[in-house]
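These are my notebook entries on a single protein chain. I set down what I looked up, one topic at a time.

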Amino acid sequence: MKQISLALLLLLIVSCKNDKTTDLKTETIIKTDTVYVETYKGEPVKSAKALKAELTERGYQTFDYVDEKTQDTVLMQQYFIAFLKSGPIRSQNEEEAAKLQNEHLAHLGRMYEEGYADISGPFGDDGEIRGITIYNVPTLKMADSLANLDPMVKAGRLVIEVHPWWAAKGFPLR
């Protein structure tokens, strides 16, 4: 009888265990050596320390920023913004321009899919700067090379101007 009561108590404890899934914050933290791996919505997330070490090893520039108000440490990463500007050769006929536009969009999609670019988009006016792409690569040379692979740039319809840009790693657009 005592064994059955103990088994029922154990079963009750196990069945009452909260198997929560949360939309907020961290669910678990597991220590592995000196690096913590967290899970968020069931997916593993690297600690800021581990992420910074990985980025540094891969050649990215980073620094820690301490928010004066919250005292939170924010990992800043250098990205590269490519400004896509009107190029000198804009005499393509409508069919050629449409073909180049399709190839341009395919190039930008490939940059995103391969992890080289985080976001791209056109500006809403008809100014000299036509749009931007934010490259998530370790060097200016690499960002410039990738941007210059764009079929619109190769055709002279667009020219590229790339600048280093700092942003908080992992912060979403709102």
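**Entry 1: the second largest pocket.** I asked which element gives the largest share of the lining of the second largest pocket. It is β8, with 3 residues. I noted that the model is a predicted one. β6 (117-122) and β8 each contribute at least two residues to this lining. I read the volume of the pocket as about 430 Å³. The lining comprises 13 residues, and those closest to the centre of the pocket are A167, A168, F171, P172 and L173.

**Entry 2: the overall layout.** I then turned to the chain as a whole. The protein contains 5 helices and 8 strands. Read from the N terminus, the order of its elements is α-β-β-β-α-β-β-α-β-β-α-α-β. Of its 174 residues, 28% are buried. I also looked up how far apart in sequence the contacting residues are. Among contacts between residues at least 6 apart in sequence, 57% join residues at least 24 apart.

**Entry 3: the largest nonpolar core.** I recorded 16 residues in the largest nonpolar core. The members that touch the most other members are F80, A82, Y135, V137, A143, I160 and V162. At least two residues of this core come from each of β5, α3, α4, α5 and β8. Setting aside residues up to four places away in sequence, V162 touches F80, I81, A82, L140, A143 and D144.

**Entry 4: the cavity.** How many cavities of 30 Å³ or more does a search of the whole structure find? The search finds 1. The space in the largest cavity is about 30 Å³. I listed its lining as A82, L84, H107, L108, T133, Y135, A147, D150 and I160. β5, α3 and β7 each provide at least two residues of that lining.

**Entry 5: Q77.** I looked up Q77, which lies in strand β5. Is Q77 buried or exposed? Its relative accessible area is 0%, under the limit of 20% for a buried residue, so Q77 counts as buried. The side chain of Q77 makes a polar contact of 2.8 Å with the side chain of N136. Apart from neighbours within four places in sequence, Q77 is in contact with L55, Y60, Q61, T62, N136, W165, W166, A167 and K169.

**Entry 6: S86.** S86 is also found in strand β5. With a relative accessible area of 24%, S86 is partly exposed. Not counting residues up to four places away in sequence, S86 touches G127, E128, R130, R157, L158 and V159. I also looked up the separation of S86 and D126, which are 40 residues apart along the chain. Their C-alpha atoms are 9.7 Å from each other.

**Entry 7: two loop residues.** S47 lies in the loop between β3 (43-46) and α2 (48-57). S47 is buried, at a relative accessible area of 10%. The side chain of S47 reaches the backbone nitrogen of A50 at 3.1 Å. Q71 lies in the loop between β4 (62-66) and β5. I noted a positive phi of about 65° for Q71, although Q71 is not a glycine. Is Q71 buried or exposed? Its relative accessible area is 53%, and Q71 is exposed.

Notes
Residues numbered from 1 in each chain as written. Predicted model: local features only at pLDDT ≥ 70, side-chain atom pairs only at ≥ 80, totals over all residues. Heavy atoms only, no water. Core = buried A, V, L, I, M, F, W, Y, C linked by side-chain atoms within 4.5 Å. Buried < 20%, exposed > 50% of the residue type's maximum accessible area, 1.4 Å probe, protein only. Helix = DSSP H or I, 4+ residues; strand = E, 2+ residues; numbered from the N terminus. Contact = heavy atoms within 4.5 Å. Polar contact = N/O pair within 3.5 Å; in protein donor to acceptor, adjacent residues only side chain to side chain. 1 Å grid on protein atoms, 1.4 Å probe; cavity = no way out; pocket = protein on both sides within 12 Å on 5 of 7 lines; lining within 4 Å. Points joined across faces, edges and corners; volume = space filled by probe spheres on them.
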